[in-house]
Amino acid sequence: MNFKAQLQDYASFTDMKLDFYLPPLDNDQKSIYEAMRYSLLCGGKRIRPVLAYSTAALLGISKEDVAPFACAIEMIHTYSLIHDDLPAMDNDDYRRGQLTCHKKFGEAQAILAGDALLTKAFEIAGIGAIELANKMPEQAVRGALILRALAASAGSEGMVGGQVIDLEGEEKVLSKETHETLCALKTGALLTIPVQISVLYAGMTNTPVGDLLIRYAQGLGLAFQIKDDILDVEGDAKLLGKATGMDEKCNKTTFVSLYGLEGAKARLKALTEESLEICDQLSDIFPERTEQCAFLRELAIFLLERNH
Ligand code: GRG
């Protein structure tokens, strides 16, 4: 399968699994499923699940096996977008090309939809951990390690922590170091955890391969944020499905404000080259997994060139 077809296959598989894990239940609280499904099943690039499936494939693990964890990450990501769009945070009207959750369902329901997605994520990850324990009873602890890592990546040591630094940094110029920490947590944590989960699932933590893969993900995480900052300046709001120019309007410290547009582009290119070098090393280690290594290469390039 070529890169585009594989990417589409991973995204469609994620959509199908998310739909399966979040059925529209006909109970007294059914309105919450409408709001959760509205934000979760309305597109999105599904990059985080793609990272989980593609790195799992390199380590010989099927997408079925990591699907509950990959879907849990996508649910956590969607909750963060719903809450980030609220009036108390970024106060945005559009997300993923449609009205934000609070604009469509009201603030209270949007807060609850985010809360419910976050908690549903851990229910589904729990299913993944049970499946792992049934498959490999002697390695059942890996499920617990994955759950712990997932929680850490989303919470105060991860994405929420980054959001706090971001909120407190509004109207201030952050130092380059603080800004980099912010990005590693707010954006990087949820882009690293899919890879960390594959590595944990395969029992390869603290091995040369595990470390290479984590470095690949961390580099992509930073590159992803730089691209996001560049797109906010020169992207197309229609393609992005959200307003542009918001960083400057809100006086935010970004890679563009710190390094200039050309400086940010140069850093993005350098980071992508580092990711490609890691892919070369992975190809040497896994000569029989040419297709999987090629996919990780193409993914780094795709994220560099993306327009939404
Ligand atoms: C509210 C706890 C809490 C955290 C919010 C994720 C986040 C933290 C804020 C979103 C704002 C933002 C621009 C973050 C940086 C990059 C990012 C996560 C962009 C959105 O991710 P994509 O491009 O979105 O993968 P899709 O819609 O494709 O899934």
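Me: How much space lies in the largest pocket?

Reply: In this predicted model, the largest pocket holds about 1200 Å³ of space. Its lining comprises 49 residues, and those closest to the centre are L81, D84, R95, D228 and K242. Two or more lining residues come from each of α3 (47-58), α4, α8 (159-168), α9 (176-201), α10, α11 (237-240) and α12 (246-249).

Me: Which element gives the largest share of the lining of the largest pocket, and how do the lining residues divide by class?

Reply: The largest share, 7 residues, comes from α4. By class, the lining has 17 nonpolar, 14 polar and 18 charged residues.

Me: What makes up the lining of the second largest pocket?

Reply: This pocket has a volume of about 270 Å³. There are 16 lining residues, with D247, E248, K252, T254 and S257 nearest the centre. At least two lining residues come from each of α10, α12 and α13 (255-285). The lining divides into 4 nonpolar, 5 polar and 7 charged residues.

Me: What makes a space a cavity and not a pocket, and how many cavities of 30 Å³ or more are there?

Reply: A cavity is a set of points where a 1.4 Å probe fits but cannot get out, whereas a pocket is an open set. The count is 1 cavity of 30 Å³ or more. The largest cavity contains about 90 Å³ of space.

Me: Which residues line the largest cavity, and which element supplies the largest share?

Reply: The lining consists of S39, C42, T78, L81, I82, D85, R95, R96, Q98, L99, T100 and C101. The largest share, 4 residues, belongs to α4, while α4 and β2 each supply at least two. The lining has 5 nonpolar, 4 polar and 3 charged residues.

Me: Why is helix α2 described as mostly covered?

Reply: A residue is called buried when its relative accessible area is under 20%. In α2 (residues 30-40), 8 of the 11 residues are buried, and the helix is described as mostly covered. The buried residues are I32, Y33, A35, M36, R37, Y38, S39 and L40. They pack against α1 (3-21), α4 (63-85), β2 (98-99), α5 (101-105) and α6 (107-135).

Me: How do you know whether V209 is buried or exposed?

Reply: The relative accessible area of V209 is 9%. The limit for a buried residue is under 20%, so V209 is classed as buried. V209 is found in helix α10 (residues 208-234). Not counting residues up to four places away in sequence, V209 touches L59, M204, I285 and F286. The C-alpha atoms of V209 and I278 are separated by 10.0 Å, with the two residues 69 apart along the chain.

Me: What makes α1 and α14 roughly perpendicular to each other?

Reply: The angle between α1 and helix α14 (residues 290-305) is about 85°, and their axes are 10 Å apart. Angles of 65 to 115 degrees count as roughly perpendicular, so α1 and α14 are placed in that class. In this contact, F3, K4, Q6, L7 and Y10 of α1 meet F295, E298, L299 and F302 of α14. The contact residues divide into 6 nonpolar, 1 polar and 2 charged.

Me: At what angle do α13 and α14 pack, and why is a particular class assigned to the pair?

Reply: The angle is about 175°, with the axes 9 Å apart. Angles over 145 degrees count as roughly antiparallel, and therefore α13 is roughly antiparallel to α14. The contact joins L268, K269, T272, S275, L276, C279, D280, L282 and S283 in α13 to C293, L296, R297, A300, I301 and L304 in α14. By class, the contact has 9 nonpolar, 3 polar and 3 charged residues.

Conventions. Residues numbered from 1 in each chain as written. Predicted model: local features only at pLDDT ≥ 70, side-chain atom pairs only at ≥ 80, totals over all residues. Heavy atoms only, no water. Buried < 20%, exposed > 50% of the residue type's maximum accessible area, 1.4 Å probe, protein only. Contact = heavy atoms within 4.5 Å. 1 Å grid on protein atoms, 1.4 Å probe; cavity = no way out; pocket = protein on both sides within 12 Å on 5 of 7 lines; lining within 4 Å. Points joined across faces, edges and corners; volume = space filled by probe spheres on them. Nonpolar A, V, L, I, M, F, W, Y, C, P; charged D, E, K, R; others polar. Axes fitted to C-alpha atoms, helices over the stretch in contact; angles between N-to-C directions. Parallel < 35°, antiparallel > 145°, perpendicular 65-115°, else oblique.
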